[in-house]
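Dear colleague,

I am handing over to you the structure that follows.

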Amino acid sequence: MKGNIAGRTREFITPALVFHTGITVKKASGIYIESTDGKRYMDFTSGLATTNLGHCPPPVIEAVNKQVKTLIHSGCIFYYDSLLKLSERLREITPDPIEMFFFSNSGTEAIEGAIKLARFYTGRQGIIAFTGGFHGRTFGALSLTTSSARYRKNYHPLLPAVFHAPYPYCYRCPVGRNPRTCSTDCFGYLEWMFEHLITPEEVSCAVIEPVLGEGGYTAAPFPYLRKLRELCTRHGILLVADEVQSGFGRCGKWFAMEHSGVRPDILVMAKAIASGFPLSVVASSKKIMKKWSPGAHGTTFGGNPVSASAACATIDAIKGQGLLENAGRVGAYALERLNSLKKKYPSIGDVRGIGLMIGVEFVKKDGSPDTRLTKHVLKECEKRGLIIVECGRHKNIARFMPPLVVTKAQMEDAIGIFKESLL
Ligand SMILES: Cc1ncc(COP(=O)(O)O)c(C=O)c1O
C-alpha cells in the first residue's frame, strides 16, 4: 500500500485511541523495526511489554504456522492439545497454589474475570485497589484503574464498593515519609479504610500490581507486599496479583511477585504470554477455581489454539534461551549505567526498576514532575533511532522495557542515545 499510511489510518480510527509515534512499520525483527521511510529503530517498548522475545520470533512463527494448518478456532466446542500443553507449562512456571486457569484475550478481560471469581468465591462485593494502578479499560477493570482520572472521565458511575489505598510509590511517598527511614507507613491507610469505609468481612479481593506499570514504573516494597498478604489471609480476602505487565520474565523471574516471596491467590497474566497473539489468563488454586460453577464465566476466543501454541513456544523460548537470567543481568547493567547518568544530570530525579522494567523519572529543579523535558528527550531518542515511551500521571517517567533478548551491547547503544538526547 502506497502513501501516508499513518495519516490515512487516522481518518478511520477514533481519536480516543492514541498511537505513541507517527512511525509506520515496514517490517520488524528482534529488537528492531524498520519504517516505511527506510529508518531503523531499536524498539524499547516491546509493543507495550508484549514482544518479550523480540518481534517475529522464529520459534513462535514456526509454532503458529503448524497450528493454523490443523485448527484455528474451537469456541469451547472441542478440546485441542495446545490448550492442554499450555496449561501444563503454566502449572510448571506459576507459584503454588496456582494450578487452574481461565483463558481470555486481553489484560482487561482477565481482570474482569479475576473480579468475578473473587466475588463468586467469597460471596463478598468489596474490592480494594491502589491509587496509580492501571488494570484496563472495561468497566470493572476501569473501576480499579486510577493511573489517571482522564481514563475515568465521563464514565461514572463505575463499579460500586471499590476502595483505593495509596500505592507505595516511595519516590513520591503518598504519606510524605522518607523512604530510607519509613517502615511502610502508608500501609496504615488500609487499616484506616477498614475502620471508616468498609469492613474487611465485606471485601472480596485486593488487586495490586507488584510493580506499578502505566502508573510510574515503581515497585511496591517487598515488606509492603508481605504485610498485604498477611492482612488478606487474616480477613479471608483474596490477593490478586496483576502481572499483566510485570510478568512473563519482564522482571527477571517468571512473575515479579516472586521477588518478594509473596504468593497471590489469583494471578492475572496477559501481554507477553503469547508474544503478541491475544491471550490472557486468570489463574488460581483448585480450591478457589472449583467453586466457580459451570457457566459462571465463559468465552468464545479465550485460549484459542493459535494463541495457545504461540504461548507454548514463548515459554519454551524463555526457558531455552535463558531469558530470565538475561533480563536480570542486562537490567542490572542498565540500572548501573542510568544511575551514573543520574549523578550527572539533575533533571533525572530517580532511576528504579527490577529486571527489564526500568523507569527514569524526570524532575524540575524543585523536584516537581517535568513532563515537557520527558517529551523532548523521548522525541530526541526517536530522532536518533530509539523508541521509548513514557508513563506516570504526569508523563514524566521514561520506561525502559526492551525485549528480554536485548544484549548488553544493545543496551549500551540505547543508553548512549538516551544520554545524547539529554543534552
Ligand atoms: C498492569 C496492567 N493490567 C492490565 C492491563 C490491561 O491490559 P489490556 O490492554 O490487554 O487490556 C494493562 C495494560 O497496559 C496493564 O499494564
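**Findings**

Cys-182 is partly exposed, because its relative accessible area is 24% (buried means under 20%, exposed over 50% and partly exposed in between, with a 1.4 Å probe and protein chains only). This is a predicted model in which local features need pLDDT of at least 70 and side-chain atom pairs count only at pLDDT 80 or more, while totals for chains, interfaces and linings use all residues. Residues are numbered from 1 along each chain as its sequence is written, and side-chain values use heavy atoms, with hydrogens and water left out.

Cys-182 belongs to the loop between strand E6 (162-166) and helix H7 (188-196); helices (H or I, at least four residues) and strands (E, at least two) are DSSP runs, numbered from the N terminus. Its C-alpha atom is separated by 42 Å from that of Lys-383, 201 residues apart along the chain. Val-175 is also placed in the loop between E6 and H7 and counts as partly exposed, at 32% relative accessibility. From Val-175 to Phe-187, twelve residues apart in sequence, the C-alpha atoms are 9.8 Å apart in space.

**The ligand**

A polar side-chain atom of Gln-245 is 2.9 Å from a ligand oxygen atom. A backbone N or O atom of Gly-107 lies 2.8 Å from an oxygen atom of the ligand, and one of Phe-134 lies 3.3 Å from a nitrogen atom of the ligand. The ligand taken alone exposes 390 Å², of which the protein buries 81% (Shrake-Rupley method with a 1.4 Å probe).

**Pocket and cavity**

The second largest pocket holds about 500 Å³ of space. A pocket is an open set of points on a 1 Å grid over the protein atoms alone, with protein on both sides within 12 Å along at least five of seven lines; a cavity is a set where a 1.4 Å probe fits but cannot get out, and lining residues have an atom within 4 Å of a point. Volumes are the space filled by probe spheres set on the points, which are joined across faces, edges and corners. Among the 19 residues lining this pocket, Cys-76, Leu-83, Phe-101, Phe-102 and Thr-299 are the closest to its centre. Strand E4 (residues 100-104) gives the most to the lining, with three residues.

The largest cavity has a volume of about 30 Å³. Its lining includes His-73, Cys-76, Tyr-80, Phe-301 and Pro-305.

**Individual residues**

Glu-361, in strand E14 (residues 357-362), counts as buried because its relative accessibility is 0%. Its side chain makes a polar contact (a pair of N or O atoms within 3.5 Å, one able to donate a hydrogen and the other to accept it, and between residues adjacent in sequence only if both are side-chain atoms) with the side chain of Arg-172, at 2.7 Å.

Two peptide bonds deserve mention. The bond from Asp-96 to Pro-97 is cis, with omega near 5°, and Pro-97 sits in the loop between helix H4 (81-93) and E4. His-156 and Pro-157 are likewise joined by a cis peptide bond, with omega about 0°.

Ala-49, in helix H2 (residues 46-49), has a positive phi of about 60° although it is not a glycine.
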